[in-house]
Number of protein chains: 2
Amino acid sequence: MSKHAKEMGILKEHLENHQLKFTRQRELILDAFLKQEHITAEEMYHQLARKDPHLGLATIYRTLNLFCEAGLAQARHFGTQTQYDNVSHKGHHDHLICTGCGKIVEFENCDIERLQEEVATKNGFTITTHRLELYGLCSRCRH
Amino acid sequence: MSKHAKEMGILKEHLENHQLKFTRQRELILDAFLKQEHITAEEMYHQLARKDPHLGLATIYRTLNLFCEAGLAQARHFGTQTQYDNVSHKGHHDHLICTGCGKIVEFENCDIERLQEEVATKNGFTITTHRLELYGLCSRCRH
DNA sequence: TTCTTTTTGATATAGTTTATCAATTTCAAA
DNA sequence: TTTGAAATTGATAAACTATATCAAAAAGAA
């Protein structure tokens, strides 16, 4: 049994529910993906080229987008590229980012999460995930 | 005197401090920009094409990036395009995004903003800006 | 006005992601 | 196990966004 049995199960269920097929490539890409916190399609392409030189870039893109639909990944536009975040690694923490030195502090705040739910409900939405990033200066950079 | 005298002043000061010149195009683009909460370069290109058909797309990009440097605008990667947010528009709004149909609802929540400040202060940060995106399904896509 | 520097518009280029399509693979049914 | 319809893949073309290039035009100080 694989180390990633749970996520593999989520993927298989998604595939079944959408008349999609379980392939060697999808298994390979999921295994590689779950080892990362986040990765770009290009990075994964080069990383997997060693294991399977014939794995095409288009397949990587298609598969990572599939993972997003299955709820295993989350796309995030960063600079000019798209980062695919590993949702299972992520937990529920948000980020404080210092624009001076690049320092990143993770935090969790239940009250904020509760208010987010409130806003969503008020607008008829059901939240599956979210992203909160606070940009500013840390104490050292402010001086 | 223009309706956007304050922002025009900020731009002119930035231009002077950087040996840049005040041009008809920069004035035109700033006027159009300040009427929006946020806009893409492409949208602005089409919008201004009616007033000045010869205004090039490259100039729009250059100028919007200039506004970012002057602190008048803020770039935000959204979907495949870059949104240029109007900073002078005080009520910073956040986004509810439907992963089913792509529908986007803007919202504002003072309580959330207050809690964000709290978190930042606790960690020694001073927030200059933030990004909050809630992903989920709208009422129509849930059914 | 003159002259130097910056800017502009048109377009080429770079870089990322998606579309296309013949060949291959999957998987359920026979 | 074999068959066959449907989905997937790999290679590559195409679409798209944003930046680079460069001759011509405009800005602004002298």
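This is a predicted model: local features need pLDDT of at least 70, side-chain atom pairs count only at pLDDT 80 or more; totals for chains, interfaces and linings use all residues.
Local features require pLDDT of at least 70 and side-chain atom pairs pLDDT 80 or more, whereas totals for chains, interfaces and linings use all residues. Residues are numbered from 1 along each chain as its sequence is written, chains are lettered from A in the order in which they are written, and side-chain values use heavy atoms, without hydrogens and water.

At least two residues each come from helix 4 (57-70) and strand 3 (81-86) of chain A and from helix 2 and helix 4 of chain B; helix 4 of chain A gives the most, with 4 residues.

Several pairs of N or O atoms within 3.5 Å qualify as polar contacts. A polar side-chain atom of B:Lys21 lies 2.5 Å from a base oxygen of DNA strand C. Phosphate oxygens are 2.7 Å from a side-chain N or O atom of B:Thr23 and 3.3 Å from a polar backbone atom of B:Gly56.

Within helix 2 (residues 24-34) of chain B, the residues B:Ile29, B:Leu30, B:Ala32, B:Phe33 and B:Leu34 are buried, that is, under 20% relative accessible area (1.4 Å probe, protein chains only). Elements packed against these buried residues, with heavy atoms within 4.5 Å, include helix 1 (5-17), helix 3 (41-49) and strand 2 (73-78) of chain B. Helices (H or I, at least four residues) and strands (E, at least two) are DSSP runs, numbered from the N terminus.

Notes. Buried means under 20% relative accessible area, exposed over 50%, partly exposed in between (1.4 Å probe, protein chains only). A polar contact is a pair of N or O atoms within 3.5 Å; within protein, one must be able to donate a hydrogen and the other to accept it, and residues adjacent in sequence count only if both atoms are side-chain atoms.
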